[in-house]
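Subject: Structure handover

Hello,

Here is the structure you were expecting, with notes on what was found in it. Please open it before reading on.

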Amino acid sequence: MPRALLFCLAQQAIFSESDAQWMRLALEAAARGLGRTSPNPPVGCALVSEGELVGVGHHARAGSDHAEVVALREAGARARGATAYVTLEPCTHHGRTPPCSEALLAAGIRRAVIATLDPDPRVSGRGRRRLLQEGVEVATGLLAEQALEQQAGFRSRVVRGRPWVTVKWAMTLDGKVATPGGESRWISGEAARQEAHRLRDRSDLVAVGSGTVLADDPALTTRLPEGGRDAVAVLFDRSGKIPLDARAVRPGTVVVTAPEQAGRWSERPVRVLPAPDLEEALTALASWEFCNLLLEGGPGLTSQFLAHDLIDEVWVALAPKLLGAGLPPLHGPQRPLRLAAELQGVRSAPLGGDLLVRGRLHPVPELTAAEGGG
């Protein structure tokens, strides 16, 4: 197979290396919206005419112009006859903004390359069909895996009715997240800690249990040299142990607690979520239009999420240290090796002096071409 060609077998479409180059640019644009667009997905668009980039855009936040509209505005008249590289199928419905498919048609684009179809039932293949009906050449599936990863939270909320849950922890080479006395600052190095704050910046929610609050009293804010945004803090406190003056207790914080404990928070500016179990709590958070939840533990809460099969992705910073005695990242009922939760799509990379290992326990919810109407 010539190096100049990339094949998308699912659609039987053939893409050039330049197609991949422009879609990568659209994905880079979409990444600027990570953590900022909920309940919408992060989307990027690049418009290319005769091999030249004429417009690029991303969806910045819910209610603002979609990526296609931003790119079309930059391109102006040069959009006529261009190819649109879009990381998600253009919408066909009137929401907070007009349909992007109609904007692309009005601008006179000739071709659309779409990374992924939209699982939202209001779109669900209709955007692709609308473009085809008007004679636009449409190809889907280019760099779909990367686009799906960016859209995981949105897809999880739409398809499964709960946020995408990512758990992260730092541990020593012998599998300890803290000393026997609970000391954990710092197991990982500065680069790993900065990456953890970037994860917060890209998440809607950052969650801990009462054990972590009592041990560390974390602020759960985002601290990056380049700035960043704070995710909404979620405190799981079924038994009412978290102090009302904990640092993470601030306006907007969500406290998940037992119904009988809800009253103790009545004087605090928090959102109380009385939920009998984790599944109902996540369903409620999705109904509040949150898409991505970063779970920062500790071991007790993380083990509960794992036991209920509610962890989608795992990030571990592995530090080249040995503690001997110490606390593990998980505990709970022992399971046989054949029932071990196994990560898929595992990747690893050096991160300062540590090693970042990440992988998924669940696939990103996807819409096939058949479901979207071919």
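Buried is used below for a relative accessible area under 20%, exposed for over 50%, and partly exposed for anything in between (1.4 Å probe, protein chains only). This is a predicted model, in which local features need pLDDT of at least 70 and side-chain atom pairs count only at pLDDT 80 or more, while totals for chains, interfaces and linings use all residues. Residues are numbered from 1 along each chain as its sequence is written, and side-chain values use heavy atoms, with hydrogens and water left out.

Cysteines

A disulfide is taken as a pair of cysteine sulfur atoms within 2.5 Å. The structure holds zero disulfides. Cysteine 45 is in none, and its nearest cysteine sulfur, that of cysteine 100, is 8.6 Å away. Cysteine 45 is buried, at 0% relative accessibility. Cysteine 91 is also in no disulfide; for this residue the nearest cysteine sulfur is again that of cysteine 100, at 3.7 Å. With a relative accessible area of 7%, cysteine 91 counts as buried.

Salt bridges

A salt bridge here is a side-chain nitrogen of Lys or Arg within 4 Å of a carboxyl oxygen of Asp or Glu. The whole structure has 20 of them. Helices (H or I, at least four residues) and strands (E, at least two) are DSSP runs, numbered from the N terminus.

Arginine 360 and glutamate 145 meet through their side chains in a salt bridge of 3.0 Å, N to O. Arginine 360 is in strand S16 (residues 354-360) and glutamate 145 in helix H5 (residues 144-150), so this pair ties together parts that are 215 residues apart in sequence. Arginine 360 is buried at 17% relative accessibility, whereas glutamate 145 is partly exposed at 43%.

The salt bridge between arginine 347 and glutamate 149 is 2.8 Å, N to O. Arginine 347 is partly exposed, with a relative accessible area of 38%, and glutamate 149 is partly exposed at 30%.

Arginine 202 forms a salt bridge with glutamate 195, with the closest N and O atoms 3.7 Å apart. Arginine 202 is partly exposed at 26%, and glutamate 195 is buried at 17%. Asp19, Arg110, Arg111 and Glu137 are linked in a salt-bridge network.

Contact means heavy atoms within 4.5 Å. A polar contact is a pair of N or O atoms within 3.5 Å; within protein, one must be able to donate a hydrogen and the other to accept it, and residues adjacent in sequence count only if both atoms are side-chain atoms.

Arginine 162 sits in the loop between helix H6 (152-160) and strand S8 (164-172). Arginine 162 is buried, at 10% relative accessibility. Its side chain makes a polar contact with the side chain of aspartate 312 (2.9 Å). Leaving aside neighbours within four places in sequence, the contacts of arginine 162 include Leu282, Asp309 and His362.

Aspartate 237 is in the loop between strand S10 (232-236) and strand S11 (254-257). Aspartate 237 is buried, with a relative accessible area of 0%. Its side chain makes a polar contact with that of arginine 264 (3.4 Å). Not counting residues up to four places away in sequence, aspartate 237 touches several residues, among them Ser210, Val256 and Trp265.

Backbone

Most residues other than glycine have a negative phi, and most peptide bonds are trans. The peptide bond from arginine 185 to tryptophan 186 is cis, with omega near -5 degrees. Another cis bond runs from glycine 297 to glycine 298, with omega near 10 degrees.

Glutamate 50, in the loop between strand S3 (44-49) and strand S4 (52-58), has a positive phi near 50 degrees. Glutamate 50 is exposed, with a relative accessible area of 84%. Aspartate 217 has a positive phi of about 45 degrees and is partly exposed at 28%.

H10 is followed by aspartate 309, whose phi is positive, near 55 degrees.

Regards
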